Structure formats: structure tokens, C-alpha cells
Amino acid sequence: MNSMTGYGFKEAIVENTQISVEIKSVNSRFLDLSVNIPSFLNPLEARIRKTVSEKIVRGKIDLTIRVRDNNSTAKVSADPAAAKMYSDAILEIAKALGKSEVEIPLSLIVSQEGVLNVSHEYDAESYWKKIEGVFSEVLSQFIEDRKREGENLKSDLLEKLSTLDECAAFLKKWQPEMEKRFREQISAKFHELLTDKADENRIMSETAAMIVKYTINEEIIRLQSHLQALRKEINENPIPGKKIDFICQEANREINTIGSKNQFTEVGEKVIDAKNALENIREQGKNIE
């Protein structure tokens, strides 16, 4: 089980190139991957996305790669023809202004657009050879961080699930007690009204009708089935996030029905405990991949 939140970072110098890779993520219903790399590395983006998506299923992920060459790769070229045209144009303006003797500063000429041209030659594949090792290490670090947090979430989920199991077991144990109390209440009411003329058959009939109306046996069976499925997902499914949310919705429906049928304080307290534990599981489930 993995958390959807994680972090990984490393900065290193590889063959005179400073490389930093950072990966961080938060919760998301789906995989939302944002890749931030220098424009000259754009040919590598599809490869980076494929590598990440093969190992990550859900989460909003921000991946940033920064590259800086310690040795300049710039190539500078001059355009003498453009420089001469600028010089001639400046002299022509000076002559028009009546200034025939003008010394044009070289700095003025070379600062004009097109006189000096700077270019960089980038080979994305050669950069990938430098980046790949750092990237792989950070990705592993990131995955391990999500896994570590996921184990903590798993422990918390199982603890809350144990509370739900206890609540379900209590409700199942209480089912016969509920039927007994229904009969006692109805019997007491009949005897209060009719004294010794109370009809036992009528009491049994009314008790049966109340049991049919308020029985929670089916809900308990379905609830326990959902809890078993939930435990299986938590223990066996490496990416149970979506299934946990679905199962919690089904379990919540059964707990709500039990609460609506309930007539006793003891059962009401357990229903509250169960709803609280289930809500905690649902909230934690939103953090799980």
C-alpha cells in the first residue's frame, strides 16, 4: 500500500553538468503528472512520463529537472557585413548633422542586433545519459517515501477496521437481546392494559411484527461482508484507494439503516462508534494510491 503523498530530491554534478531532480506529489483521483524541464530537453518528456506512469497509478505529481553546464557550450559568430552596414548608417547620420569627423565606438557596433550571434547546440540524448542515473535514484527515493507513508496509513486503517469489527460483533450479539426486549415491552404493555386477560398469542404476533419491522440481521450480515472485503483490499491490494472508497460507501449504507431502525441506547452508541471509525477510514482512503 502506498500513500499518494511523497517527495524525492537530488542534486549532482555529472561530467561538468549540474543536475537537480525533484519529484513531489499530493492527492488526486487520477494520475496528474506535470513535467517541468528545460525546453531543449523536450524530446525526453515522453520517456520521462512513461517511466513514471509505469510505477505510479494515482496522485498529482510535479516533476522538475534542472540542468546547468559548468563549461559553456555557447558558440559565438560575427556578421562583419551587418557591422559595416551599422557603421555606414551611423556615419551617414553624422554627416547629415554636419559632423564629418566622428569616431564610432566599437562597443556601439557590436551591441547592435545581428552583429554578434550566440547559439547553443544541445543533444538531448547526451544529456539523458547524464540525467538518467540521478532521475532513477530520485524516482526510487520518491516511491520509497510513498511506500513508507503508506505503511503508516495501513496500520491506522487496520486499527479503525478493528473498531468496526467490534461494533459489528456487538450488534450481532445484541440482535437476540433486541428481540427479547421487544417481547418484554409488548408483554408489559398488554398486561398493563389488560392485566391477567392478556392474550399470549396476540403478544407473540405483535412481537413478530415488530421484529420484522426493526430487525437488523440482514444489515449486520451485509456489514460484516463489507468489512471482510475491506480488510482483504487493505492487506492484499497494492493500490486499494478507489476500492476502499466504494466499500466504505456500501458499509455506510448498512450502518445508516441500522441506526434508523434502532430503538435502544446501547445500539445507538455502537452505531455512532461505527460511523466515526468508518468516516476515518474514508478520509484516510483519500490519501491512498
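A residue counts as buried when its relative accessible area is under 20%. Keep that cut-off in mind as we walk through this predicted model, looking at its aromatic rings.

Start with Phe135: its relative accessibility is 1%, so Phe135 counts as buried. Its partner is Trp128, and the two ring centres lie 5.8 Å apart. The planes of these rings meet at 55°, so the pair is tilted. Trp128 has a relative accessibility of 8%, so this residue is buried as well.

How many aromatic pairs does the structure hold? There are two. A pair of aromatic rings is described by the distance of the centres and the angle of the planes. For the pair of Phe40 and Tyr127, those values are 5.3 Å centre to centre and 55° between the planes, and this pair is tilted.

Now find these two residues along the chain. Phe40 sits in the loop between strand S3 (31–36) and helix H1 (45–53), while Tyr127 belongs to helix H4 (residues 124–194). The pair therefore ties together parts that are 87 residues apart in sequence.

Tyr127 has another neighbour to look for: Lys130 lies over the face of its ring, 5.2 Å from the ring centre. Elsewhere in the model, Lys270 lies over the face of Phe170, and here the distance to the ring centre is 5.3 Å.

Note on methods: Residues numbered from 1 in each chain as written. Predicted model: local features only at pLDDT ≥ 70, side-chain atom pairs only at ≥ 80, totals over all residues. Heavy atoms only, no water. Phe/Tyr/Trp six-rings, centres within 6.5 Å; stacked < 30°, edge-to-face > 60°. Helix = DSSP H or I, 4+ residues; strand = E, 2+ residues; numbered from the N terminus. Buried < 20%, exposed > 50% of the residue type's maximum accessible area, 1.4 Å probe, protein only. Lys NZ or Arg CZ within 6 Å of the ring centre and 35° of its normal.
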